[in-house]
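I opened the model to look up a few backbone and sheet details. My entries follow in the order I made them.

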Amino acid sequence: MARYIAAVDQGTTSTRFMVFDHSGRVVSLHQLEHEQIYPQPGWVEHNPMEIWERTQQVIRVALQKNGIDPNEIAAIGVTNQRETTVVWDKKTGKPYYNAIVWQCTRTKDICEELAREGGQDRFRPKTGLPLATYFSGPKIQWILDNVPGVRAAAERGDALFGTIDTWVIWWLTGGPEGGAHVTDVSNASRTMLMNLETLDWDPEILEVLGIPRPMLPEIRPSSDPKIYGYTPKDGPFGISIPVCGDLGDQQAALVGQTSFNPGEAKNTYGTGCFMLLNTGTTPVPSKSGLLTTLGYQFGDAPAVYCLEGSIAITGALVQWLRDNLRFFDFSKHIEDYARSVPDSGGIYFVPAFSGLFAPYWRLDARGVIVGLTRYITKAHICRAALEATAYQTREVLDAMEKDSGVRLTALKVDGGMVFNELLMQFQADILGVPVIRPVVAETTSLGAAYAAGLAVGFWSGLDDLRRNWAVDKVWEPQMDPETRERLYRGWRKAVERTFGWVE
């Protein structure tokens, strides 16, 4: 009898496999990091074959850890780092080039060329997205234009494109031996190639970017009772299990937080930071620098849209301090250093390593630390790095309230950084609203599991999922309004210092 639902969560820095029971409790998990490849400044890549190897490893170890029989798993969902782009040979499964990661800025010239006709918002009415290096479409064009033989392979039907969900699902369901070449509406909406109204690839945009349609996956619901495909008997599970849930990581967190009503929002603190507001079954155009995106689609029900504020670098800044500057050995130690000082000593750290995302969309920005004096220590820099996450979230929240007309009364949070209690308290202080962490804070994996479980009837409906959500901790604002606004003014001034660095 099926007792569990499983999820592959393929993120920017690591891959994890999690198994959940009916109450949404984690029964088993395993996680492994993969290499971050930086061929030159601003370029970021991953090895897609390493990602698939890690996926198989975490599945096998998580099953072994707690003696889980694959026959007890009802279905599998997948969630993923969005926008990261892979193009591979459908006959061999071999990538033509490394995956180009969402943070990579190599497509800046392509985006600027596209913007010469129609400006940065040239495709926004159809896609909800500005022209930016963040999205997949220009990355596909770069591979087609710069990797020998790929365009010819795409035109004869041998090359397949996918974001990482598509890559993982293709391999999970058989790879070269008949793997399903699919994506869901949430991931497709991040390519800059999908029309928000039709929920299909837009032929005009494909023509402008020179992308052959046959290389694109089929767009399916996020939770699909028709099933994308089944795991093969020679795969990591050893038996046939339906794969039928697929959500981009931020949309998966929205589902995991059970934010199913218009006006409900969540913020995920991971490599980047992403706030999503459910706007219902109608797309809401943004006038404040946010993205209009797909939230999810369950079966034949209408698709649900969101406004999203995307911040490129939050947890990645902690990782940078750990790996590049060797400030500490483990990411969790940043909180110890930050707590050793009462404040950031008057400095601000704006981590515009990949330019600035929402609400600015400045490709010409680069990171700065401002306000330095000889008083500043490593501890102050650690504290300023954490505070940067909270300030960037405030900017997005302000834009969201402006666009939606809805004033948030509390913020649901999830992701790895929500266990940093200093950050969560400062977040509540700088927003002036309570911050709420649920019992299961890794809601990205949970959302993918929910999508798969709904597809096979493991959960009966949305109310079944809502019953699983529970509060773990609430942080109330403690900062006086005058201090809050003074600190925030300093942040806005610091952000302006990042503009125009790349000519």
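I looked up Ile 227 and found that it counts as buried because its relative accessibility is 12% (buried is under 20% relative accessible area, exposed over 50%, partly exposed in between, with a 1.4 Å probe and protein chains only). Ile 227 has a positive phi of about 65 degrees, although it is not a glycine. I place Ile 227 in the loop between β12 (218-220) and β13 (229-230); strands here are DSSP runs of E with at least two residues, helices are runs of H or I with at least four, and both are numbered from the N terminus.

I note that this is a predicted model, in which local features need pLDDT of at least 70, side-chain atom pairs count only at pLDDT 80 or more, and totals for chains, interfaces and linings use all residues. Residues are numbered from 1 along each chain as its sequence is written, and side-chain values use heavy atoms, with hydrogens and water left out.

I checked Leu 199 next: its phi is positive, about 55 degrees, and it is not a glycine either. Leu 199 sits in the loop between β10 (194-195) and β11 (200-201).

I also looked at the peptide bond from Ala 358 to Pro 359, which is cis with omega near -5 degrees. Pro 359 is in the loop between β19 (348-350) and β20 (368-370).

Last, I traced an open sheet of seven strands with mixed pairing, in the order β17-β18-β16-β15-β21-β22-β23 (two strands pair if DSSP finds at least two bridges between them). The edge strands, β17 (291-296) and β23 (471-475), each pair on one side only.
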